[in-house]
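Welcome, and thanks for taking a look at this one. Have the viewer ready, and we will go through the chains piece by piece.

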Amino acid sequence: MKPGPGTYRVGGKVYASVLGLVSTRPPLVHVTPLSGRYIPKAGDVVVGTVTDVQTTFWLLDIAAPRWAPLHMTGTPWQIDVGETDRYLRVGDAVVVRVENLEATGRIGVTMAGEGLGKLEGGTLVRVSPARIPRVVGRGGSMVETITRHTGARIAIGQNGRIWIDGSPEAIRRVSEVLRMIDENGQRSGLTQEVEAYLRSTAPDGPVEPEERRSPPAHERRRSDEPDARPWGGADGDTPPSFRTEDL
Amino acid sequence: MGNVGAKDVPVLLSPEGLRLDGRRLDELRPIRIEAGVLHQADGSAFVEWGQNKVMAAVYGPREVHPRHLQQNNKAVIQCKYNMAAFAVDERKRPGLDRRSQEISKVIAEAFESVVFAEEFPRTSIDVYIEVLQANAGTRCAGLVAASVALADAGIPMVDLVPAVAVGKVAGQIVLDLKKEEDNFGEADLPMALVPQSGRLVLLQMEGHMTEEELGRALDLGVKGCRDIYDRMKGALRERYALTPVVGGSA
């Protein structure tokens with residue numbers, strides 16, 4: 001067996017280098033981490049906050065080992081040098097995509113593309129990046145359940161940062177559900193548990209279990225779609241539109 | 001009346017060969033390790049070891065502060081060991097002192113030899129160790145807590161790093177000194193082991209022992225470390241609700 005990610009080899013034996021679950025895909029053995037910071041992957045859509053503003057770029061905290069520079073050319077806006085702070089300021093939240101990773105550890109991100117942009121209003125919560133597949137659910141079932149019961153708009157970053165917008169009550173309920181998922185990540189049947197919780201805490205009194213209505217065709221997700229879809233929302237497949245500041 | 005000072009020295013070893021707290025020579029104090037006790041940290045652990053209480057938190061890999069410490073080929077490991085003012089009988093003057101600087105340094109160096117730091121260039125892995133209650137052996141307890149916290153933080157490492165102190169008390173080589181044994185004993189020898197390779201990554205000594213005694217002390221310490229190693233793994237399994245698996249190798 002050859003050492004894959006999360007392992008190392010000494011004297012013909014392969015050892016785990018991180019805390020995680022072993023899996024074998026001959027000829028590789030690898031260990032999937034159960035914890036740890038977000039390790040960026042090209043193509044990931046992540047939620048970040050601005051930590052520094054320079055004349056031609058911003059530095060974003062995307063919960064990765066390094067801050068990620070977002071160059072002004074990687075935005076949907078036409079910006080003059082030195083005007084970056086008129087568009088994004090320290091503390092602003094954004095949705096960006098990881099474009100390239102350099103050997104130096106530099107993380108290149110872009111905000112130009114569908115579903116990317118500045119987040120207005122709302123609240124950010126954190127979960128472990130290892131839990132994101134559970135938050136999305138198979139074919140998006142978990143996030144669909146959450147948005148259907150709360151009416152909140154949700155943006156899920158692969159980095160474990162999740163943006164929620166809606167009524168204060170909706171935000172509170174979604175945060176609580178995300179905390180449940182974060183703490184019980186390895187449990188099966190989580191989606192049903194979450195649904196039961198959301199029913200029992202519905203603002204208009206508990207909702208009786210109903211036959212789950214089949215979503216209209218345009219909202220239905222194919223099961224072969226990757227689970228990495230960042231968007232779930234009351235408005236189905238349409239990513240929330242982002243207002244950029246009126247300048 | 002004889003020597004007044006001598007009266008203050010407790011009987012460290014009973015005629016039956018038992019220690020102050022009833023332990024045998026090669027017996028550890030009770031240990032409890034809990035992983036993942038802090039939400040804000042990337043990894044954390046709490047260790048109760050005899051009458052020691054130690055909390056460790058790990059942050060990172062993250063941006064290096066201060067910037068000039070940044071290494072462009074690997075992560076730097078920064079460790080801060082601190083003892084709370086209320087950790088000992090007589091109030092300890094809070095803040096950095098020579099002792100805490102030394103311990104921070106030797107613990108950081110112990111981790112430098114196990115962490116795969118090249119995987120995270122230009123970043124920092126920050127380890128904070130807070131001693132809340134002290135009763136000898138806090139650098140070992142701190143190292144154990146920090147090591148579990150590093151694993152909890154998902155940091156790639158060669159292995160966990162168990163640590164224990166061995167010493168010479170009333171002429172005998174004993175495992176895991178408590179405070180009176182440390183104060184009135186003849187020698188104290190804290191050590192940290194990498195079980196995977198059998199290497200020692202921390203070894204200090206205070207006091208005197210013969211070469212032959214040192215050899216026996218090291219053997220005893222390695223045995224103690226392996227015992228602690230199992231408990232460290234147990235704490236991590238409990239945290240992630242994993243069923244026990246045999247050994248560390250795949």
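## Ground rules

A residue is called buried if 20 or more other C-beta atoms lie within 10 Å of its own, exposed if 12 or fewer do, and partly exposed in between, with C-beta atoms placed from the backbone. Helices (H or I, at least four residues) and strands (E, at least two) are DSSP runs, numbered from the N terminus.

This is a predicted model, in which local features need pLDDT of at least 70 and side-chain atom pairs count only at pLDDT 80 or more, while totals for chains, interfaces and linings use all residues. Residues are numbered from 1 along each chain as its sequence is written, and chains are lettered from A and ligands numbered from 1 in the order in which they are written.

## An enclosed helix in chain A

Let us start with helix α2 of chain A, residues 141–150. Eight of its ten residues are buried, so this helix is largely enclosed by the rest of the structure. The buried set consists of A:Met142, A:Val143, A:Glu144, A:Thr145, A:Ile146, A:Thr147, A:His149 and A:Thr150. Just after α2(A) comes A:Gly151, with a positive phi of about 75°.

## Chain A as a whole

Chain A has four helices and 15 strands. Of its 247 residues, 39% are buried. Two residues are in contact if their C-beta atoms, placed from the backbone, lie within 7 Å. Among the contacts in chain A with a separation of 6 or more, 60% join residues 24 or more positions apart.

A backbone detail to look up is the cis peptide bond from A:Pro26 to A:Pro27, with omega near 5°. A:Pro27 sits in the loop between β4 (20–25) and β5 (28–33) of chain A.

Chain A is split into domain 1 (2–33), domain 2 (45–119) and domain 3 (123–232), with bounds that come from an automatic or database domain assignment. Domain 2 and domain 3 of chain A each bring eleven residues to their contact. On the domain 2 side, β6 (45–53) and β9 (93–101) of chain A each supply at least two residues. β6(A) gives the most to that side, with four residues.

What is the make-up of the side of domain 2 of chain A that touches domain 3 of chain A, in nonpolar, polar and charged residues? That side has nine nonpolar, two polar and no charged residues. Here Ala, Val, Leu, Ile, Met, Phe, Trp, Tyr, Cys and Pro count as nonpolar, Asp, Glu, Lys and Arg as charged, and the others, Gly among them, as polar.

## A two-sided helix in chain B

The buried residues of α2(B) are B:Ile103, B:Ser104, B:Ile107, B:Ala110 and B:Phe111. Seen down the helix axis, they fall within an arc of 130° (taken from the directions from the axis to the C-beta atoms), so they line one face of α2(B). An α-helix has 3.6 residues a turn, so residues three or four places apart point the same way.

On the other side of α2(B), B:Arg98, B:Gln101 and B:Lys105 are exposed. The cover over the buried residues of α2(B) includes β4 (76–83), β5 (123–133) and α3 (138–152) of chain B.

## Backbone details in chain B

The peptide bond from B:His65 to B:Pro66 is cis, with omega near -5°, and B:Pro66 belongs to the loop between β3 (52–63) and β4 of chain B.

B:Ala136, although not a glycine, has a positive phi of about 70°. B:Ala136 lies in the loop between β5 and α3 of chain B, and is buried, with 25 other C-beta atoms within 10 Å. B:Ala170 also has a positive phi, near 50°. With 16 C-beta neighbours inside 10 Å, B:Ala170 is partly exposed.
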